Amino acid sequence: MPNHRLPTLAGAALLAAFGTVAVAPAASAHDAYADIVNCSYQGAIRCGYGGVTNGHTRVYACDTFGDGYGFRTEWRTRSGGGSGVDDANGSSSGCSAKVPGTSANPVTIFRVCQKTPNWQCSNWQNA
């Protein structure tokens, strides 16, 4: 009589492994990120980055290039309100953040901008 138990256990272990991998991206599904590059004549240098974290409630901005221009992340919430957060210390270490969203009124879209004389912004994207 063949032993059907071994293939069943192996199949269950395989399904459990795939289930773990399939669930892993959901943990980071609330984080969104964007950046601006090409901020100097030298080519593809990242000017800064920003995004939305903490379940669509926290917005941050990070200036990464010491060119004298600021960096901002702008957002809109589900209710239509919005504003921006500027990296307060320029290109020095550390970023700036605000928590404008709530579980009832989350941040829904955002974009990042380098604050040059002619602002350079990413496209609006889903948070």
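Predicted model: local features only at pLDDT ≥ 70, side-chain atom pairs only at ≥ 80, totals over all residues.
Trainee: How many aromatic pairs does the structure hold?
Mentor: The structure holds 2 aromatic pairs. One of them is formed by Tyr33 and Tyr49, whose rings are tilted, with 5.8 Å from centre to centre and 40° between the planes.

Trainee: And where do Tyr33 and Tyr49 sit in the chain?
Mentor: Tyr33 belongs to strand β1 (residues 32–37) and Tyr49 to strand β2 (residues 46–53), so this pair, 16 residues apart, links distant parts of the chain.

Trainee: Which kind of pair do Tyr49 and Tyr60 form?
Mentor: Tyr49 and Tyr60 form an edge-to-face pair, with the ring centres at 6.3 Å and 70° between the planes. Because Tyr49 lies in strand β2 and Tyr60 in strand β3 (residues 58–63), the pair ties together parts that are 11 residues apart in sequence.

Trainee: Is Tyr60 buried or exposed?
Mentor: Tyr60 is buried, since its relative accessible area is 11%, whereas Tyr33 is partly exposed, with a value of 40%.

Trainee: Changing topic, where is Gln114?
Mentor: Gln114 lies in strand β7, which covers residues 107–115, and Gln114 is buried, with a relative accessible area of 3%.

Trainee: Which side chain does the Gln114 side chain join in a polar contact?
Mentor: The partner is Asp67, and the polar contact between the two side chains is 2.6 Å.

Trainee: What else is Gln114 in contact with?
Mentor: Leaving aside neighbours within four places in sequence, the contacts of Gln114 include Ile36, Cys39, Cys47, Tyr69 and Trp119.

Terms used: Residues numbered from 1 in each chain as written. Heavy atoms only, no water. Helix = DSSP H or I, 4+ residues; strand = E, 2+ residues; numbered from the N terminus. Buried < 20%, exposed > 50% of the residue type's maximum accessible area, 1.4 Å probe, protein only. Polar contact = N/O pair within 3.5 Å; in protein donor to acceptor, adjacent residues only side chain to side chain. Contact = heavy atoms within 4.5 Å. Phe/Tyr/Trp six-rings, centres within 6.5 Å; stacked < 30°, edge-to-face > 60°.
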